[in-house]
4 protein chains.
Amino acid sequence: MRGHAERNRQDAVLPAGFTPPREGATRLRVRYSECDPMNVAHHGAYPAWLELGRTELLRAGGVSYAQLEHAGVFLVVTRLEVRYRRPVLYDDVIEVRTRVKAAGRVKIDHEYEVVVVERGGSVREEVCAVASTTIACVDRDGRVRELPAWLAGVPASAT
Amino acid sequence: MRGHAERNRQDAVLPAGFTPPREGATRLRVRYSECDPMNVAHHGAYPAWLELGRTELLRAGGVSYAQLEHAGVFLVVTRLEVRYRRPVLYDDVIEVRTRVKAAGRVKIDHEYEVVVVERGGSVREEVCAVASTTIACVDRDGRVRELPAWLAGVPASAT
Amino acid sequence: MRGHAERNRQDAVLPAGFTPPREGATRLRVRYSECDPMNVAHHGAYPAWLELGRTELLRAGGVSYAQLEHAGVFLVVTRLEVRYRRPVLYDDVIEVRTRVKAAGRVKIDHEYEVVVVERGGSVREEVCAVASTTIACVDRDGRVRELPAWLAGVPASAT
Amino acid sequence: MRGHAERNRQDAVLPAGFTPPREGATRLRVRYSECDPMNVAHHGAYPAWLELGRTELLRAGGVSYAQLEHAGVFLVVTRLEVRYRRPVLYDDVIEVRTRVKAAGRVKIDHEYEVVVVERGGSVREEVCAVASTTIACVDRDGRVRELPAWLAGVPASAT
């Protein structure tokens, strides 16, 4: 019963027929606290940036991840891969370009590019890292559950 | 009723007459990810170290903070002050010396020293920062509540 | 000699007679990775936010902190105090309001308010924390040095 | 010339014929600040744990990573993959089991298991994540350089 009510709550989050965007970009400026003694962003700072990429993609579709959690939909990362090609520096403005690669019934694969778009006041366009993640949908108790219909079922795109 | 049951649960955490230690020390090694481009531990890394100081002091008394939360006792920091005297370096072993300065009905004041006790394989004893915090006790919903009896009521010590 | 050249470099950072702004505000959205099991921003996340407040205040004056470091001017936090009044939640938009309280020959005192200005899509105005820091100026080797003339000498304001 | 002197310095780090260990394990306790609103360690906390795995493996061989940097040897992560199988909880004691999978002339591949070995005071043995990284060797200016002889040249092991 409670499960049924909860399902209604989450479906109520969005109007019927809604289709969230498949890709998007969000910008952030690299913080001093994210950089290490090598004078570059620490490799451990990137997962939080990718997370921003995902949540802003969701928001661009009209839903915040905070709303999802309130509705009992929790998204957990089950796989993360990052390939670091060039250093990202303190104060760089980076753009996290995020794309849904495939969305199934219970999980979603994303791909990312981390691109430096400004350094030292100058515009640039430098892909410094590429990444991919798999996220799975769980309920409040951590059990795997189905994604809300409007998030799921996106067919794998031709990469 | 639920509140009553919860009270029992938390009091059950410890035997009657228990008196937790008033001071203690815990050691940790400074992580690369905690250091910044100045080649020193970032000032924002210290609050987590002080938190370790508090939780290990609690553990030395036989209770983990995780147990407290399970029992409905949440401790939140309401004030933090750190005075940074000398830099702490990557790979330093530091000792966080933690002392209960005063414990009232709903809050506890702690004092800390962050001491480098090993650098580059050599023993040393260098107080690099001193700090103090106030923590308050809240329930699962964030409302101020009384500390468990065994944590509260420690009279202010003569500093 | 080297010191002299370096002094010229840093003074070259800004035109003569420049007066940086005394106060400013910068916004950021609270990240999931900054929040803890109590479902609120961890108290240890705030120092990085205050740092953003300072560096954006500097930028508003036309100088990035990255430029300062290139010119041999390093600013280190020697004191930090935060008073946490109300929780800040995941996905909140906060505004860090930063003000130079006093600037001497080798150090600067800042004051801050951390204000939630948006929660769950609704505008609000809630001061959740107040803070203050003291930063000191050091050279590349960590020795105390004078602040660049344009940063120093701001008389203490009447709070 | 300077390069030559530097080479000598780094080779001086270790006695001739030294062979560092190929695998090892290090333990740490999960910090509150590493956990997120889902009440589990945030996936972004793991890269720092893996880094500890690598640096402690190095230390077990008699060299600290800090010494390497002083000798002009910088190790940068160029690839990171983590597969998160089960949640790690606040206050869990985890063991990071680290193994050199292959070491070439300029890069090293490591494999890891993140194993919960204690939860709530009870011993357990639960592999919660597996991971792999590739690190490359660069000099002080970020240019790819050869690994010190004693780190390089380990043939790929039969996994």
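Visitor: How many residue pairs are in polar contact across the interface of chain D and chain A?

Guide: A polar contact is a pair of N or O atoms within 3.5 Å; within protein, one atom must be able to donate a hydrogen and the other to accept it, and residues adjacent in sequence count only if both atoms are side-chain atoms. By that rule, six residue pairs, both members at pLDDT 80 or more, are in polar contact across the interface of chain D and chain A. This is a predicted model, in which local features need pLDDT of at least 70 and side-chain atom pairs count only at pLDDT 80 or more, while totals for chains, interfaces and linings use all residues, and side-chain values use heavy atoms, with hydrogens and water left out. Residues are numbered from 1 along each chain as its sequence is written, and chains are lettered from A and ligands numbered from 1 in the order in which they are written.

Visitor: How many salt bridges does the rule find across the interface of chain D and chain A?

Guide: The term stands for a side-chain nitrogen of Lys or Arg within 4 Å of a carboxyl oxygen of Asp or Glu. Between chain D and chain A the count is zero salt bridges.

Visitor: Which elements give two or more residues to the side of chain D that touches chain A?

Guide: Elements here are DSSP runs numbered from the N terminus, helices being H or I with at least four residues and strands being E with at least two. In chain D those elements are α2 (46-60), α3 (65-70) and β2, and β2(D) gives the most, with eleven residues. By class, taking Ala, Val, Leu, Ile, Met, Phe, Trp, Tyr, Cys and Pro as nonpolar, Asp, Glu, Lys and Arg as charged, and the others, Gly among them, as polar, this side of chain D divides into ten nonpolar, four polar and six charged residues.

Visitor: What area do chain D and chain A bury between them?

Guide: Buried area is the accessible area (1.4 Å probe) that two parts lose on being put together, summed over both. Chain D and chain A bury about 1,700 Å² between them, 61% of it on carbon and sulfur atoms. On the side of chain D, the residues that lose the most area to chain A are D:M38, D:H43 and D:L80, which together make up 32% of what that side buries. Counted by contact, meaning heavy atoms within 4.5 Å, the interface takes 20 residues from chain D and 20 residues from chain A.

Visitor: What area do chain B and chain D bury between them?

Guide: Chain B and chain D bury about 1,600 Å² between them, 44% of it on carbon and sulfur atoms. In chain B, the most area is lost to chain D by B:R31, B:Y32 and B:Y90, together 37% of what that side buries. There are six salt bridges between chain B and chain D; B:R29, for instance, forms a salt bridge with D:E56, with the closest N and O atoms 3.9 Å apart. The elements of chain B that each supply at least two residues to the side touching chain D are β1 (23-29), α2 (46-60) and α3 (65-70), and α2(B) gives the most, with seven residues.

Visitor: Is D:D91 buried or exposed?

Guide: Buried means under 20% relative accessible area, exposed over 50% and partly exposed in between (1.4 Å probe, protein chains only). D:D91, which lies in the loop between β2 (74-84) and β3 (93-103) of chain D, is buried, with a relative accessible area of 9%. Its side chain is joined to that of B:R59 by a polar contact of 2.8 Å. Neighbours within four places in sequence aside, D:D91 is in contact with B:R59, B:S64, B:A66, D:R29 and D:V30.
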